[in-house]
Amino acid sequence: MKNAAVGFRPHSGWTALVAVSLERGKPVVLLRESVHLAKTFNYAFRQPYHTAAKAPLEEGRAFIAQVRDEARQLACRALRQVQTKLSHAEYRLTCSGHLQGAGRALPDLEKILAAHPLIHTAEGEFFREVLLHASKEIGLAQFQVTEKELLQQACTTLRRKKERLQTQLTALGKPIGPPWSQDEKYATLVAWLALHAPAL
């Protein structure tokens, strides 16, 4: 069986997911999906910190914990389904690629809920953490890079100029058809890098 990686570009309540393998050193897209990470797919559950900010602190804390548990379950289920699909096509899902934020440490929940910019930051970290947790849960190695550094690291690791890399990413989506936006391209690229990461 050939090795494959899955890459994510998460948003509030959902993530773009792309699975990639290498054929003679070149990336091949095996599947592309949009995965819901909120059991109830509405604003309240897709934006758990915004919702928690409107409630008393302990109620808000409990709500965030509930949404986290549900999101982790959904992410694990989605990854196991991807694993099964790839296995039937004789690919082994071995690693995952994750786009991270700036990595600034967040304060305690009370301070987060009191500052709207921190609420947005916390929600971004929330869904990224959910995907990392799910990847670890099913035994995948995790490759992480900040979204800001993704293209530069890819150019260095894959030894390609930025223009050529972007052209190649666009071309990879043509056999699949739309949607093939920056979400899918970035998910593809971070999965591609995961397959190149040493000793994950």
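**Aromatic rings and a helix contact**

Tyr49, Phe126 and Phe127 are joined into a cluster by ring pairs, where rings of Phe, Tyr and Trp (its six-membered ring) pair if their centres lie within 6.5 Å. The model is predicted, so that local features need pLDDT of at least 70 and side-chain atom pairs count only at pLDDT 80 or more, while totals for chains, interfaces and linings use all residues. Residues are numbered from 1 along each chain as its sequence is written, and side-chain values use heavy atoms, with hydrogens and water left out.

Ring pairs

- Across the whole structure, a search finds 3 aromatic pairs.
- The ring centres of Phe45 and Phe63 are 5.2 Å apart with planes at 55°, so this pair is tilted (planes under 30 degrees apart count as stacked, over 60 as edge-to-face and the rest as tilted).
- Because Phe45 lies in helix α1 (residues 43-46) and Phe63 in helix α3 (residues 57-88), the pair ties together parts that are 18 residues apart in sequence; helices (H or I, at least four residues) are DSSP runs, numbered from the N terminus.
- Phe45 and Phe63 are buried, that is, under 20% relative accessible area with a 1.4 Å probe and protein chains only.
- For Phe126 and Phe127, the centres are 4.8 Å apart and the planes at 80°, so the pair is edge-to-face, and both residues are buried.

Helix contact

- In α6, Leu150, Leu151, Gln153, Ala154, Thr157 and Leu158 meet residues of α8 that include Tyr186, Trp192 and His196, contact meaning heavy atoms within 4.5 Å.

Conventions
Helices (H or I, at least four residues) and strands (E, at least two) are DSSP runs, numbered from the N terminus. Buried means under 20% relative accessible area, exposed over 50%, partly exposed in between (1.4 Å probe, protein chains only).
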